[in-house]
Amino acid sequence: MNSIKILHIMQSLGIGGAALSMMATAKYSSKLGGFQHNIMSLAPAKPNAVEKAIEAGMRVINAPDRATLVREIESADIVQVHFWNNPQLYEFLRSNLPEMRLLMWFHIAGDRAPQVITPKLVGFSDFAIACNPYSYELAVFHSLPTEVRCHKIGMVYDGTDFERLSNLQPQVHNSFNVGYIGTVNLAKMHPNYVPMSAAITIPNVRFIVCGGPFQSYFKQQAGLLGATDRFEFRGFVEDIKSVLENLDIYGYPVGEDTYAAAELNLQEAMFAGVPPVVFPYGGIKRLVVDDYTGLIVHSEIEYKQAIEYLYHHPEERARLGGNAREYAQQIFGAENAAKKLNPIYERLLQRPKRDRSWGVMMGYPQVNQLISLEDVTGKAEQLSGAECFIQSLDDTAPEFKISQTSDNIAELFEADRKIASSSTLLATGEGGISQYRDYYENDGYLSFWWGLRDQYQGKYDAALTEFIKAIDLGCNHWRLGWYVAQLALKVNNIPLAKQAVSEVIRAVPDFAEAQELLESIELMSRPGHFSEREEMEFANNLRLREVNLIIFPDWSQPEEPLLEELASIIRAIATHPDKSLMTLLIDTNNITEEEVDAAVSGVIMSLMMEEELDLDDGPDISLLTELTETEWKALFPRVHGKIVMKNENKEATVRIQAENVPQYPLDSISDRRVVRGEDEDSAWMLR
């Protein structure tokens, strides 16, 4: 009897959770039944992933051309698509495909942008599988008619190969070890992972962090909190068994906007008998049974208390760990997943291969079919890159559709504001703005939306480039000209600013703000001129106070001494008796605002936690990002002194030295007071 051919398709074969689950489950599926599993990677696969797939008994079709793709689909008995939002995978699904039996396995929580399980995805498949109970209970599945749901919806956990943990034996160790294994970045981990861990009061505790790539940020936080010796950042670790054997608790706090689903590392920790402490975000809330296989917490304080509780109650650690091990053996793992998948394959084989079109809901009654543009016009829907992105988000981020289609200018400006401040995941994560922009490089709206993000982060030159590109690509609503005019001023391109705002006025003559800006630009053409309104707005934006001090850090210097000096400066001003009258201005020459903001936020957080500094009453802290010559000239009279730094950018200080701004050593600041001249109109000073 010939083997039944299962063709797995994913955007790119790597060694992430979805790929590892696919390979491990295929291995056990072949052992348990007559199934032959092959994998097609639409984009070039990672070489180490190809090796693992071959070890699992799979044939790899790597970045096939169209003819190969069609031939492989036609020869497969079942096509199994492994889904997470990605423009290339969506493009594959929308293409003209041969008849097939299509199974889709969703490796995402599925209810948050940009990783969303949409009705069209579910309808397109012959059978749809959620990889965890949380996703299985989403409305996209459970709002289906009962007969449809029973016919085509299932739940199979993503499964890891527990064989690599065979003969695991807990090892004796001297410290109390709290482990984390997985992606290390701000898009995945709880943003306060380091501070809330450092706040845990346990003798000889160590936090062992395995994974990458964004370790430097967390190392920096640990250093600022004086907790470097409590953290061990190991990077990527292949042999996780040796890590799990030395853990007492698995601390796995992820961010609230996560699309974490079945989390193989968490399954492995539980299989190893290490009790987890987690937040109830994404699919994780249904992987751990609270107070039975681990502890689910809802705040940073609860996280701290849970870790400390388990340290002081070893019998509870043993109870939870034992339950977790038994639960994982019975519920998780690739072998258990294969036992559920194989019957689904067998059911699908009873159905004929079918042709399908994007938007047609396979197996649905006619009354439940979605109405498409083709149904109305008789022409197939041709989507732009931006429209593909909008559809992939379903209704989870309506601001993008509003930004593209609304006629209401107030709605448009509000939508643009929301897009500019999109979460890290939505902006730069898999399936986010940047990935779609790179894939559809000639789409004006995707360039526009990325430009909004750059503008929000203070990357004015980059934002200006994106906006101009967007206009050239046909995204020509007049508000883009308005944004260009404002950015051109930021980068001191007065002619471009004047041209852009003039075009805005021609398009919307009654837009008073544009007329005011044009008048200001014409005044600005006179050297060094700043209108009274602009000067007030400029001062408010920088939160200037009675006395404003400036520093010019050399951001190219080693991180640790530079941040220690920055902490000393902020501490000195934050403890000054006149701090409520002061603003500290920090120059960001040769570094992005995002990097500076992360560094300064880390320093402030450290000072507030370690020294209980209160910054509610001051000082204000403002970052100086790419000021124009006019803005510098407006700022100089309001700067009352420069604090001298050891790690100082000497080139940047030349500008202010020419203005004869007083220079103060840091140790002299506490001896000076903020005073005012005798007359009411006299200037404030530091004396």
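Predicted model: local features only at pLDDT ≥ 70, side-chain atom pairs only at ≥ 80, totals over all residues.

Student: Let's start with a single residue. Why is Ala45 counted as buried?

Tutor: Its relative accessibility is 11%, and buried means under 20%, so Ala45 counts as buried. Ala45 lies in the loop between strand E2 (35-43) and helix H2 (47-55).

Student: Which residues does Ala45 touch, not counting residues up to four places away in sequence?

Tutor: Ala45 touches Leu13, Val50 and Asn62. Ala45 and Gly14 are also worth a look: they are 31 residues apart in sequence and 6.2 Å apart in space, C-alpha to C-alpha.

Student: Now helix H2. How do you know that its buried residues are on the same side?

Tutor: The buried residues are Ala49, Val50 and Ala53. They cover an arc of only 105° around the axis, which puts them on the same side of H2. The face turned away from that buried side carries the exposed residues Pro47, Glu51, Ile54 and Glu55.

Student: What do the buried residues of H2 pack against?

Tutor: They pack against helix H1 (17-32), E2 and strand E3 (59-62). H2 is followed by Gly57, whose phi is positive, near 85°.

Student: What makes the packing of H12 and H14 oblique?

Tutor: Helix H12 (residues 264-271) and helix H14 (residues 314-331) pack at an angle of about 120°, with their axes 7 Å apart. Roughly perpendicular runs from 65 to 115 degrees and roughly antiparallel starts over 145, so H12 is oblique to H14. The contact is made by Gln267, Met270 and Phe271 of H12 and Gly321, Ala324, Arg325, Tyr327, Ala328 and Gln329 of H14. These residues divide into five nonpolar, three polar and one charged.

Student: Which residues of H23 are buried, and what puts them on the same side?

Tutor: Tyr460, Ala463, Leu464, Glu466, Phe467 and Ala470 are buried in H23. Their arc around the axis is only 165°, so they are on the same side of H23. On the other side of H23, Thr465 and Asp472 are exposed. The buried residues of H23 pack against helices H21 (433-439), H22 (444-456), H24 (478-490) and H25 (494-507).

Methods:
Residues numbered from 1 in each chain as written. Heavy atoms only, no water. Buried < 20%, exposed > 50% of the residue type's maximum accessible area, 1.4 Å probe, protein only. Helix = DSSP H or I, 4+ residues; strand = E, 2+ residues; numbered from the N terminus. Arc of directions from axis to C-beta. Contact = heavy atoms within 4.5 Å. Axes fitted to C-alpha atoms, helices over the stretch in contact; angles between N-to-C directions. Parallel < 35°, antiparallel > 145°, perpendicular 65-115°, else oblique. Nonpolar A, V, L, I, M, F, W, Y, C, P; charged D, E, K, R; others polar.
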